[in-house]
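Reader: I'm new to this one. Can you walk me through a few parts of it?
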Amino acid sequence: MTTEMQIRPLGSSTIEASVVGLGTWAIGGWMWGGTDEAESIAAIQASLDEGVSLIDTAPAYGLGRAEEIVGMAIRHRRDEVVLATKCGLVWHSQQGKHFFDYDGRPVHRHLGKESIVYEVERSLQRLGTDRIDHYITHWQDPTTPVEETVEALVQLRDQGKIRSIGASNVSQSELRAYAATGVLDAIEEEYSMVKRDIETTLLPIAAEHGVSTLSYSSLALGLLTGRMGPERTFSGDDQRKDNPRFSLANRVKVARLMEAIMPVAEAHAATVAQVVIAWTVQQPGITHALCGARSPGQARENAGAGRIRLSTDDVTAIDNAVTAHLTDLDA
């Protein structure tokens, strides 16, 4: 393991960010069995201490709770952070397309211009800042033309309220529409050893247009941490409780994969989770990997992956292990 965190640009913006970013969905508590504010703040600050600059959050993570916690954590360290948050999942309006209910309140996918302008002000307030470094449309709204959404984002960028533009959870046609505007810097999509479909769908389009790709669920909601053994149980509102990807059979297969890549981890004085993250950011087209952490220990471990440089032989060994153990994984 080297001592330097790898840094890469966000698209054609002037922003550079650590290849490992901190994702804060779990910090919001919703669908993760609650949150511990003090522990979450400590996790964010530990990430910064370890060279992680990219902090990714969203209003929908606990209906503003994650943004508030991130704001508290970075209050005196704002200049160390490439701060990313999102828009487009709203509960202040019932315009757009209904997506889900949270605590009895309907949440809609809505990316109309007026709504985005409203949302950015709420996020700035919760985060306690005057600017958002990377602003992302969280889920796409089929009722609003991409051109209207982009018009709002460009206006906010021109006003200095945001510094770069991203889109998440896009289809190929939606990505092409964003890319055609010439202002898209990055997409944020689910990608991991167990979910690689964007390799043939979105990544070629992003590469063609110089658009960065941030992977989320890079450790597959914890499945690929090396600590998700067959004995693990899930309760309450933990989304993994009924997720077929966390079936006993899958966890047995993943445990065998972890054993197979252990020699690579040992060679780098790293954990298997760190090797999984390092492999992720060395995949063609994946520029940054977002990894959740709910404690300082988890944050430090994830950050360490950004200092690992896997050799070609390492990547080949890992690829062979993935093929051998994950080919028949349940979705």
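Author: A definition to begin with: two strands pair if DSSP finds at least two bridges between them. In this predicted model, β12 and strand β13 (residues 288-292) pair in the parallel sense over 2 bridges.

Reader: Which residue stands opposite A289 in β13?
Author: That is S215.

Reader: And in what sense do β11 and β12 pair?
Author: Parallel, over 5 bridges, with β11 covering residues 186-190. I187 has T213 in β12 as its bridge partner. Between β11 and β12 the chain passes through helix α6 (residues 203-208), and this β-α-β crossover is right-handed.

Reader: Which residues are on each side of β12?
Author: S212, L214 and Y216 lie on one side, T213 and S215 on the other. Both faces are covered, and these residues are all buried.

Reader: Switching topic. Where is S18 found?
Author: In strand β2, which runs over residues 16-18.

Reader: Is S18 buried or exposed?
Author: Buried. The cut-off is under 20% relative accessible area, and S18 has 0%.

Reader: What does the side chain of S18 reach?
Author: It reaches the backbone oxygen of V20 at 2.7 Å. A polar atom of the S18 side chain also lies 2.9 Å from the backbone nitrogen of S53.

Reader: What else does S18 touch?
Author: Leaving out residues up to four places away in sequence, S18 touches M5, Q6, I7, G51, V52, S53, L54 and H288.

How values were computed: Residues are numbered from 1 along each chain as its sequence is written. This is a predicted model: local features need pLDDT of at least 70, side-chain atom pairs count only at pLDDT 80 or more; totals for chains, interfaces and linings use all residues. Side-chain values use heavy atoms; hydrogens and water are left out. Buried means under 20% relative accessible area, exposed over 50%, partly exposed in between (1.4 Å probe, protein chains only). Helices (H or I, at least four residues) and strands (E, at least two) are DSSP runs, numbered from the N terminus. A crossover is right-handed if, with the strands pointing away from the viewer, the path from the first strand over the helix to the second runs clockwise. A polar contact is a pair of N or O atoms within 3.5 Å; within protein, one must be able to donate a hydrogen and the other to accept it, and residues adjacent in sequence count only if both atoms are side-chain atoms. Contact means heavy atoms within 4.5 Å.
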